[in-house]
Amino acid sequence: MRHTRDVHTLAGPYAMDAISPPDRARFDRHLARCEDCAREIAGLREATARLAAAAAVSPPPALKARVMAVAAATRQRPPGPEPEPALRTWPLRTWPLRTRPLRTWQGRPTPSRRLVMAAGAVAAAAAVAAAVVFGVSSGGMRDQLSQAQASSQQVAAVLTARDATMMTGAVRGGGTVTIVMSHSMRELVFTAAALHALPASRGYELWLIGPAGDRAVIMLPPARHGMTGPVVASGLRPGDHLALTAEPASGAAHPAGRPTTPMMLDVVL
Amino acid sequence: MTAIDRSDPDRARPSAAEPGAAADLTTYLRLVARGDADAFDTVYDQVAATVFGIVRRVVRDPAQSEEVTQDVLLEVWRNAAKFDPGRGSATAWVMTLAHRRAVDRVRSVQKESERERRTAVADVPFDEVAEAVESSLERERVRRCLGSLTELQRESVTLAYYGGYTYSQVASLLGVPGGTIKTRMRDALIRLRDCLGVAS
């Protein structure tokens with residue numbers, strides 16, 4: 001048991017987060033009982049905020065679109081205290097199935113992506129040959145996913161999942177996407193910002209592509225104020241990629257549930 | 001209703017350093033708490049550079065800094081209703097979130113790999129001004145106030161706040177007992193607070 005005065009000397013380190021987790025917890029308990037201390041910390045934090053202001057640097061402009069897109073798909077918390085552990089809701093890099101780091105798919109193609117692109121081309125050829133069969137197997141899935149799209153509860157469930165993982169990246173041809181994924185739920189929420197506008201005859205379509213087969217997830221709804229989605233994709237399987245293509249708006253040209261156009265986005269899930 | 005004319009595209013968007021900005025940010029945060037995306041757009045414009053700046057100072061890696069900045073701003077969106085103006089300014093609330101997130105990221109990364117980090121004092125002098133967006137006046141004021149500290153106080157604050165070190169790490173970097181560093185940090189912040197003329 002330490003003396004209160006001893007705890008109080010942690011005010012400076014606490015205000016600058018220069019403190020170990022156990023010490024932070026100890027000081028938090030102290031603050032809850034000591035109003036003067038809370039006031040002092042508030043004052044010190046006004047000072048540290050000024051230190052932050054002196055370090056201001058403009059972030060890359062694309063960041064704003066991403067933040068806005070994810071915010072649009074993120075449920076806000078109600079006022080008042082909550083027992084939820086702070087700042088732990090968006091852990092990054094916890095997706096056990098992912099085989100490469102987040103950033104690689106933004107830059108140059110990796111061998112793995114080229115492989116997938118090649119597979120996509122083969123799939124496209126096959127799709128043309130099998131044009132007639134569309135709707136038999138994937139129609140039901142589409143209905144299901146359209147309903148999922150309407151369910152903001154489902155979106156919220158993924159976003160608040162304990163293992164929610166967020167990825168962001170650029171779309172070939174313009175725009176950024178944000179994906180929040182829950183491994184345990186085998187679901188992801190997809191949103192996009194500033195996708196290149198398509199002619200009325202075409203629309204963006206989302207796909208799951210992997211060893212378990214290629215599945216059309218959903219024809220994305222038209223963008224509103226530059227924002228597309230959120231939409232939910234369910235039934236993720238190990239090894240799946242998420243792909244985005246620009247397909248005929250009718251959706252009738254990819255009977256076998258395979259993309260007919262080059263992938264504008266390919267994310268290893 | 002509020003005094004904000006939300007149809008006016010030229011509405012003032014003061015930076016965090018200007019007088020009145022804090023009250024303004026508070027007003028916008030209240031709107032954000034009600035799910036107002038336009039208000040969040042404004043909040044982003046007001047705080048993004050400061051958030052990104054301090055995160056980048058601590059984290060260094062630009063890609064990771066962007067990720068952390070995004071997390072912080074989403075945290076602002078999600079938790080806007082939790083902000084209590086009675087317990088400090090909106091700017092301080094956002095910057096506290098930002099700094100803590102940056103520090104959490106650095107420490108979790110450090111756990112993974114014992115990567116070599118030069119000291120913040122040597123690497124990033126407190127008067128670094130590259131790519132600055134904040135008014136040089138504000139920067140100058142902070143620099144002057146940092147300059148009014150004793151050397152030990154200044155090094156403690158710089159290593160802890162800009163470097164993301166714990167006080168015990170600062171103590172061993174500077175070869176000074178931990179108890180001394182704790183006290184110097186508190187003294188330094190009190191002096192900074194008074195020098196910068198912030199309400200306490």
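Modeller: One definition before we start: two strands pair if DSSP finds at least two bridges between them. Also, this is a predicted model.

Colleague: Fine. How many bridges join strand 4 of chain A to strand 7 of chain A?

Modeller: Eight. Strand 4 covers residues 202–209 and strand 7 covers residues 241–248, and the two run antiparallel.

Colleague: Which residue is the bridge partner of A:Tyr204?

Modeller: That is A:Ala246, in strand 7 of chain A.

Colleague: And what order do the strands of the sheet take?

Modeller: The order is 5-4-7-8 in chain A. Four strands form the sheet, which is open, with antiparallel pairing.

Colleague: Which strands stand at the edges?

Modeller: Strand 5 (215–219) and strand 8 (265–268) of chain A. Each has a single partner strand, so one side of each lacks a neighbour in the sheet.

Colleague: By how much are neighbouring strands turned against each other?

Modeller: By 25° on average, ignoring direction.

Colleague: Switching to the interface. How many residues does each chain give to the contact?

Modeller: Chain B gives 70 residues and chain A gives 47. On chain B, the elements that give two or more residues include helix 2 (37–59), helix 3 (62–79) and helix 4 (90–112). Helix 9 (178–196) of chain B is also among them.

Colleague: What is the make-up of that side of chain B?

Modeller: It divides into 36 nonpolar, 14 polar and 20 charged residues.

Colleague: What scores does the predictor give the complex?

Modeller: An ipTM of 0.81 and a pTM of 0.56.

Colleague: And what pLDDT does chain B average?

Modeller: It averages 81, and 74% of its residues score at least 70.

Colleague: Where in chain B does pLDDT stay under 50?

Modeller: Residues 1–19 of chain B are one such stretch. There the model has 25 contacts beyond four places in sequence. Residues 113–132 of chain B also stay under 50, with 24 such contacts.

Colleague: Last one. B:Ala33: buried or exposed?

Modeller: Buried. The cut-off is 20 or more other C-beta atoms within 10 Å. B:Ala33 has 21 C-beta neighbours inside that distance, so it counts as buried. It is found in helix 1 (residues 21–33) of chain B.

Colleague: What does B:Ala33 touch?

Modeller: Leaving out residues up to four places away in sequence, B:Ala33 touches A:Pro79, B:Ala80 and B:Ala81. As for B:Lys82, its C-alpha atom is 8.2 Å from that of B:Ala33, and the two residues are 49 apart along the chain.

Methods:
Residues numbered from 1 in each chain as written. Chains lettered and ligands numbered in written order. Predicted model: local features only at pLDDT ≥ 70, side-chain atom pairs only at ≥ 80, totals over all residues. pLDDT = per-residue confidence, 0-100. Contact = placed C-beta atoms within 7 Å. Nonpolar A, V, L, I, M, F, W, Y, C, P; charged D, E, K, R; others polar. Axes fitted to C-alpha atoms, helices over the stretch in contact; angles between N-to-C directions. Buried ≥ 20, exposed ≤ 12 C-beta atoms within 10 Å, placed from the backbone.
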